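Here is a friendly walk through the model you have open.

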Amino acid sequence: MAGNIDLCIRVSEDKSEQEHGQIHIQDEEFDYSQRGQWLRAAVLGATDGLVSVASLMMGVGAVKQDVRAMILTGFAGLVAGACSMAIGEFVSVYSQRDIEVAQMKRDKIISGNEEEIEKEALPNPIQAAAASALAFMLGAIMPLLAAAFIVDHKVRLGVVVATVSLGLVIFGWIGGVLGGSPVVKSCFRILVGGWMAMAITFGLTKWIGSTGL
């Protein structure tokens, strides 16, 4: 009799442990998904900063050999791009937040539950804006540092292209891993896209400069 009672208690404890383990696994999966979204957004922001600022520097380098002009242009692109990313992300996330708040209010009215809305579950516009701006600046600073200490004009352009290519491969690899897509294809796509952006900017700026406009 006592043995049977002990057996029932052990089964109950096992079920409790299993339920606790399932909840713990679900929490971990949720946290991982949230982290993945933030990391992917950061990778996209850094890639944007890397390609846009490098393209600006290549465009100026097509018509001017002055390293100062190239660095100032890149720095201006860094500041303008970071501000643009922050403002755009703030407006976008705030709009999403308003939509979610309105939907939660409608759901509570329909269900008759007038409890206070859980603000912790809502997206944070300020945090999103700061993260986007920081990611953009981290990507944009790579070509700036690469060109800052190179005196020869042609070597400087080559170093910028090489640095950007390396950064794009790294960001493509990270994006592929986080997105679950083939890493080689991800790196290839982002690398070709970056090369095209720099080549088009360099070519068009050089052509416009040669026409005397």
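Helices (H or I, at least four residues) and strands (E, at least two) are taken as DSSP runs and numbered from the N terminus. With that in hand, Ile190 is found in helix 5.

A word on conventions: this is a predicted model, in which local features need pLDDT of at least 70, side-chain atom pairs count only at pLDDT 80 or more, and totals for chains, interfaces and linings use all residues. Residues are numbered from 1 along each chain as its sequence is written, and side-chain values use heavy atoms, with hydrogens and water left out.

**Overall layout**

The protein has five helices and zero strands, giving the pattern α-α-α-α-α along the sequence. Of its 213 residues, 29% are buried, where buried means under 20% relative accessible area, exposed over 50%, and partly exposed in between (1.4 Å probe, protein chains only). Among contacts (heavy atoms within 4.5 Å) with a separation of 6 or more, 73% join residues 24 or more positions apart.

**Helix 4 and its partners**

How do helix 3 and helix 4 pack? Helix 3 (residues 125–148) and helix 4 (residues 153–179) meet at an angle of about 150°, with their axes 9 Å apart. Helix 3 is therefore roughly antiparallel to helix 4. Axes here are lines fitted to C-alpha atoms, for helices over the stretch in contact, and angles run from 0 to 180 degrees between N-to-C directions. Angles under 35 degrees count as roughly parallel, over 145 as roughly antiparallel, 65 to 115 as roughly perpendicular, and the rest as oblique.

The crossing of helix 3 and helix 4 is right-handed; a crossing gets that label if the near helix is turned clockwise from the far one by less than a right angle, and is left-handed if anticlockwise. Helix 3 contributes Met142, Pro143, Ala146 and Ala147 to the contact, while the helix 4 side includes Arg156, Val160 and Gly167. By class, the residues of this contact are eight nonpolar, two polar and one charged. For these classes, Ala, Val, Leu, Ile, Met, Phe, Trp, Tyr, Cys and Pro count as nonpolar, Asp, Glu, Lys and Arg as charged, and the others, Gly among them, as polar.

Helix 4 also packs on helix 5: their axes come within 8 Å and cross at roughly 145°, and this crossing is right-handed. Among the residues that meet are Val164, Leu168 and Trp173 in helix 4 and Ile190, Trp195 and Met198 in helix 5. The contact of helix 4 with helix 5 has 14 nonpolar, six polar and no charged residues.

| Pair | Sequence separation | C-alpha distance |
|---|---|---|
| Met198 and Ala54 | 144 residues | 6.9 Å |
| Ile190 and Thr47 | 143 residues | 8.7 Å |
| Gly167 and Thr47 | 120 residues | 8.0 Å |

Met198, in helix 5 (residues 183–210), is buried, with a relative accessible area of 3%. Beyond its neighbours within four places in sequence, Met198 contacts Ala54, Ser55, Met58 and Val164. Ile190, with residues up to four places away not counted, touches Thr47, Leu168, Phe171 and Gly172. Gly167, in helix 4, is buried at a relative accessible area of 1%, and its contacts outside four places in sequence are Leu50 and Met142.

**Cysteines**

How many disulfides does the structure hold? It holds zero, a disulfide being a pair of cysteine sulfur atoms within 2.5 Å. Cys83 counts as partly exposed because its relative accessibility is 43%, whereas Cys187 counts as buried at 12%.
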